[in-house]
Amino acid sequence: QVQLVESGGGLVQAGGSLRLSCAASGSILSINAMGWYRQAPGKRRELVATIISDANTNYADSVKGRFTISRDYAKNTVYLQMHSLKPEDTAVYYCNVKSRNVVGLRYDTWGQGTQVTVSS
């Protein structure tokens, strides 16, 4: 089993910044990918950003140039630094981790979600 603990959500004015964190623990031998997704009310969950390595990241077009995903390999933690936030960024943000344990079992684990609200 893999556990994820998310933190960093909150209420911010448009143009402001927030930093989300997600720490993974449990039965982890290696982490293949980490990422952030979000779901706004009445909408489907969508990809925000993923990271496989420092040189291999992927962003939704709507957040490119404003959000930065990074990873602390020693702490099994992924971060999402968000700048120039817009009201349309308001959503519940979910962390996702794809990992493998010592016997080769693969896990695709989701965090509990953290609310980000951007006021206009």
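Leaving aside neighbours within four places in sequence, with which residues is Thr 109 in contact? Contact here means heavy atoms within 4.5 Å. By this criterion, Thr 109 is in contact with Val 2, Leu 4, Cys 95, Asn 96 and Val 97. Thr 109 has its place in strand E10. With a relative accessibility of 12%, Thr 109 counts as buried; buried means under 20% relative accessible area, exposed over 50%, and partly exposed in between (1.4 Å probe, protein chains only).

The model is predicted: local features need pLDDT of at least 70, side-chain atom pairs count only at pLDDT 80 or more, and totals for chains, interfaces and linings use all residues. Residues are numbered from 1 along each chain as its sequence is written, and side-chain values use heavy atoms, with hydrogens and water left out.

The protein chain has eleven strands and zero helices. Both kinds of element are DSSP runs numbered from the N terminus, helices (H or I) having at least four residues and strands (E) at least two. The order from the N terminus is β-β-β-β-β-β-β-β-β-β-β. The radius of gyration of the protein chain is 14 Å, close to the 14 Å that the globule rule gives for 120 residues, so the chain is as compact as a globular protein of that length. This radius is taken over C-alpha atoms, and the globule rule is 2.2 Å times the number of residues to the power 0.38. Along its principal axes, the C-alpha trace spans about 50 × 30 × 20 Å.

Of the 120 residues in the protein chain, 42% are buried. Among contacts between residues at least 6 apart in sequence, 55% join residues at least 24 apart. The chain exposes about 6400 Å², of which carbon and sulfur atoms supply 49%; accessible areas come from the Shrake-Rupley method with a 1.4 Å probe, and for residues only the protein chains shown count as cover.

The structure holds one aromatic pair. Tyr 37 and Trp 110 form this pair, which is edge-to-face, at 5.0 Å centre to centre and 65° between the planes. Rings of Phe, Tyr and Trp (its six-membered ring) pair if their centres lie within 6.5 Å; planes under 30 degrees apart count as stacked, over 60 as edge-to-face and the rest as tilted. Tyr 37 lies in strand E4 (residues 30–39) and Trp 110 in strand E10 (residues 106–110), so the pair ties together parts that are 73 residues apart in sequence. Tyr 37 counts as buried because its relative accessibility is 17%, whereas Trp 110, at 37%, counts as partly exposed.
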